[in-house]
Amino acid sequence: MRPNIVVVNGERHWPTYFPEAEVIPVRLQDSAWVLRGGVLWCITREAAVRVDGVFWRVGAIRPDPRHRTVLELVRLSGVPCVNPARTLVRCHDRLSMLAELREAGLPVIPFDVALGDDMVRRIARPAPFVVKVGNHHGGYGKALVRQESEWFEVADLLFAADDYAAVEPFIDYRRDVRCLAIRDQCWAMSRAGAGWKANVQTRKHQVIDPPEELVGYTRRALEHLGADIVALDFLETQDGNFVLLECNDTPGLSGFPEQLCFALAECLKEKLSAVPTTGA
């Protein structure tokens, strides 16, 4: 019997890479999940599907506590997942991700964090600096404080956000580099954006030979997290040094060679082959 692979928030082309399976695309925002008798089910408007494998492609969408709950259900069910559900849980929140990078001994950009009424004013640093609110992605919830006089207005807005805020130094960077690893394979991409936000409104990108230093950091993160795939985002300063911004456990693959899609799909195929498929 063909296994059911639920592709969560994935790109449309993934059925091509799983010809031996029934591929069911779902949006995390529009689905319900049930774990009953050790069997995991995904329910959409169209059908209730027994889940044999999960291909997790949830990227830059608005954070929702339900996301972590679904990951815990996948983890409890033992259903094969790429990345592993336990890895995705560890990087679910920005602060969790940063803590994992520090525990792995990686050189994360220095930052301070505040939570609580009016506490954010206590973490101001010499301008220019960047403020990041909560767990948002894709450039949202981020502001650049160019001079000290701007900080008071930004801090007032953060008071209304009712979330934690982090500040970090502004890097006058030469380029943004993403180093991506899938198991023992590594790729890198150089990107240029339209403004100060790295990897937002990308104007041009180029696959490059992965710098050896970045490959070492990326493989260390992959091993530390027990991941199938990770991507580390770096800024290269004007003097040629690299600063690590963050780790992505569900990185976008756009612009990379198609080889990455085959390699990532193979990760789940291998896991499925090790688990006997039973009838519904």
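Q: Where is T237 found?
A: T237 sits in strand 15. Strands (E, at least two residues) and helices (H or I, at least four) are DSSP runs, numbered from the N terminus. This is a predicted model, where local features need pLDDT of at least 70, side-chain atom pairs count only at pLDDT 80 or more, and totals for chains, interfaces and linings use all residues. Residues are numbered from 1 along each chain as its sequence is written, and side-chain values use heavy atoms, with hydrogens and water left out.

Q: Is T237 buried or exposed?
A: Buried, because its relative accessible area is 13%. The cut-offs are under 20% for buried, over 50% for exposed, and partly exposed in between (1.4 Å probe, protein chains only).

Q: And what does T237 touch?
A: I171, D172, Y173, R174 and V243, leaving out residues up to four places away in sequence. Contact means heavy atoms within 4.5 Å. There is also a polar contact of 2.2 Å between the side chains of T237 and D239. A polar contact is a pair of N or O atoms within 3.5 Å; within protein, one must be able to donate a hydrogen and the other to accept it, and residues adjacent in sequence count only if both atoms are side-chain atoms.

Q: New topic. Which residues are buried in helix 3?
A: R94, M97, L98, E100 and L101.

Q: What about the ends of helix 3?
A: D93 caps the N-terminal end, with a side-chain oxygen 2.8 Å from the backbone nitrogen of L95. G105 follows the helix and has a positive phi, near 75°.

Q: Which residues touch the most other members of the largest nonpolar core?
A: L101, L106, L232 and F234, out of 33 residues. A nonpolar core is a set of buried Ala, Val, Leu, Ile, Met, Phe, Trp, Tyr and Cys residues joined through side-chain atoms within 4.5 Å.

Q: Which element gives the largest share of this core?
A: Helix 5, with six residues.

Q: OK, strands now. How many bridges pair strand 12 and strand 13?
A: Seven, in the antiparallel sense. Two strands pair if DSSP finds at least two bridges between them. A181 has C186 of strand 13 as its bridge partner. Two residues lie between the strands in this hairpin, and R183 takes a positive phi near 55° there.

Q: And on to strand 14?
A: Strand 13 and strand 14 (residues 202–208) run antiparallel, joined by six bridges. A188 stands opposite I208.

Q: How many residues of strand 13 are buried?
A: Eight of its nine.
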